[in-house]
Amino acid sequence: PPGFVESSCRSRIFWMKLNKLFLQGKFFQLEIYDPYAGPILLDEKLASRCGYVLSEDVWGNPVFRASALGCHVANEADELFSLIVNIKVSSFSSMRAAVTYTYPMYCSYPSWASREIVCEENYMEVSVKTDVPAVSNDYTVAWMSALPETQNVAYEQWQLMFVSPSGRKRITVSDAVKLGYSFNNTLSRVYLRAPYHSNESDVGVVSGVNMNLVTSTSMYRQRWLLLLIDTTVSCPVDGISFTDTTITWTVPSIIPTLVVQESTFLSKNIVMGVDDQVIINPKDKNYLLEHNETHIRITIPIGAEGGNLKSSVSGGVYGVIYSIDLFLEHTWTDAGWQTTKYTVIKSITTPFMPQIPTVINNTVPEERLFNVAFGHFLPDVSLVAIAIGNVPFTPREAQYHRLKVYETLFSNRTKKFILEVSFDDPYVLKEYVNRNETKYTLLVNYTLSVGPEMTLYYHSAEVECVIADIELPESAGSCDEENLYLTLPTFGLHQYWDLYLGNTLLNRHVALTNGYLAATNSTHLILQIPLFAVGVTYEEVSFQKIKARFDVVLRKVRTMETLQMFSISCSFNSSEFIICHPDGTVMISAQMKTVPAIDMSKTKLRDSSCKPREYNEAHAFFKFHVTTCGTSVRFEGDHIIYENEISYEKETLPGQSIPTITRDPDYRLTVLCYYQAKETLVLGALVSDPATSPPFGSGTMEPRPNTAAHRRVRQALNVVSRVSKDESFTEFYEPNTAILKRPVQPVFLEVELKDESPSVELYLENCWVTRSLDFNSIPRWNITVDG
């Protein structure tokens, strides 16, 4: 078919290339057609002996090369050469039902050098012109060494004599063929083809390059004619070196075994080529061809034109391999050989070179779009699948799910795979960070098909982008005569943030327990907080006026980090109130309506020295601490109750004999403050951030009749008291030990009555705390008074 076969003739070598596209999924064989014997299947043994090479070029196309002196080549006067090749193609490995394509090749090569040497991949070949030269007195060393053997040369039969480190060996041509050699003559030439590393060969080092050498003399005797032909051949077997960026191929300039008189050596021409094409100006392709008296050196940049970079995977690592098919032709003259044309064909492949692909984050935060580039890759790499957040998609499926996947090509024939994913895609991980920022994380797993072998390669990447796309809420507040109101946006609440009252999560249960009213609509939360509710901070309290503040804290859901505080502060006019502060301070505005009216300046607490701070005709304002002014304390359940009393005593007017009672009314007002036992500071003052203060105590005022308390006298009983280390009452302090407590720490006191009489009861009347073991030391702080 058209385009299936390309052929050329270069330096008496047939070149034929098959297009691999026509052979995909199929099998092929080559047959050499012999005009006398018919088709002969090409195999490795036949190839090296007959001057054939079957390999692949750097692009994977099958390549067949044949010497013009090959076994089955038709030769016309050593000028025109032809070879017929059968190409058999089948869909089966057994080659049944094969289709045969017959392809003839022609080569014209009239200008032979006196000696031509070809160093192919699998054979070495030397051909020598057999014209009888003019009379000369020069005798080569090889000839001189062969002369003693001439008496044993068979009559009218070609024989070969090999000289190697193991000695001399003289064999017939038929025996040489059995050893893998090929020897024949044409109209004007004699040639020898030898495999590499035969038993008759030797390896030597010439200018640092290992050379495979076959030293031989071809001999023929007929009547008065004795023909001795030097058919020595030497070819390089290495000389390749690599760096990260270049390939260097070195061939000796002068090969002593091929030059009789080095002093007469003259280099005439050096050319290089790629495949079957001569490179006229190597610098145009970034090749470097250098030569001096000892070396010919070709330097090729890895990835240069003419070669092929191929992707590969080794040990789960992606990398590339570079291959290039070079040839070198060196023509020289010397006194012994006139002109020698020396051709070396070399296929060079670099070791595996890891090329870890990179993931480049080209994300555009303003567009809320991940843009991730993955590369660089050669054209032989394709994207098989891509997983977003462990959910796999083929490229087609990715497009269906609005994930944009495409390739970008570059001028150096490499490419990148581009992935675009919206921040709002459900497969993108989202995490609230900092104050008003969201971290978007894209987890990507790539599955690639690499190289002609289609090896699977996997690579994972994680791309992050943090943007300030969350609007922090702003509060609004207002007040009426009895309540404070705080309005907050609900966006982000319970998703990013929570509201806290001090250290307590402000949920619906806490709001209801504290007497708040919470209402929500589609956008906002509205809190109604009564003036005397738990959690209200009283910044200023004076006669008939209260400045109150209510604070809630905005905290991160996971880390509990405080972002900001929302506050509403208002002033209220109130004629009657009681405020029980957490530090034990009590403030009371009492309204006493009596008939007739009493003098409010003469009201007092239980301790008559505790007078009102401010007063008018109908109100009195008291401020005192629960440890003063005769305040008593008792426990009820999990509450501590502090109690005092506002009273007004009747005045007596001094008379002549019997005191006179005035018309002043009798008045008593009981004041109660309730504190949670585990949260209340009993002694000392608490100085702290109001946002972290425990809830205030709640207070009530109850009027009661002026009845004296009747107490019975108790006898001394067997009573033991202990102070517990915690609320479990399982571990106690040692007796007569000074106990140091910070003001915010509660004291857990246990008093036990040891008397087992059922008629005896225990009442705890007065307990106090001092700074020393002396019970009568001052100052002292009451815990219970008149219990």
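Is Cys580 buried or exposed? Cys580 is buried, with a relative accessible area of 1%; buried means under 20% relative accessible area, exposed over 50%, and partly exposed in between, computed with a 1.4 Å probe on protein chains only.

The legends below describe a predicted model, in which local features need pLDDT of at least 70, side-chain atom pairs count only at pLDDT 80 or more, and totals for chains, interfaces and linings use all residues. Residues are numbered from 1 along each chain as its sequence is written, and side-chain values use heavy atoms, with hydrogens and water left out.

**View 1. The disulfides of the structure.** The structure holds 6 disulfides, a disulfide being a pair of cysteine sulfur atoms within 2.5 Å. When the bonded cysteines of the chain are numbered in sequence order, they pair as 1-4, 2-3, 5-6, 7-8, 9-12 and 10-11.

**View 2. The disulfide of Cys580 and Cys673.** The sulfur atoms of Cys580 and Cys673 are 1.9 Å apart. The torsion about their S-S bond is -80°, and the link is left-handed. Cys580 belongs to strand β48 (residues 577-580) and Cys673 to strand β56 (residues 667-676), so this pair links distant parts of the chain, 93 residues apart; strands (E, at least two residues) and helices (H or I, at least four) are DSSP runs, numbered from the N terminus. Cys673 counts as buried, at 2% relative accessibility.

**View 3. The disulfide of Cys479 and Cys570.** Here the S to S distance is 1.7 Å between Cys479 and Cys570. The disulfide is right-handed because the torsion about the S-S bond is about 85°. Cys479 lies in strand β39 (residues 476-479) and Cys570 in strand β47 (residues 562-573), so the pair ties together parts that are 91 residues apart in sequence. Cys479 is partly exposed, at 29% relative accessibility, whereas Cys570 is buried, with a relative accessible area of 15%.

**View 4. The disulfide of Cys610 and Cys629.** Cys610 is joined to Cys629 with an S to S distance of 2.0 Å. This link is left-handed, with -90° about the S-S bond. Cys610 sits in the loop between β49 (585-591) and β50 (614-615), and Cys629 in the loop between β51 (619-625) and β52 (632-636), 19 residues apart. Cys610 is buried at 12% relative accessibility, and Cys629 is buried at 9%.
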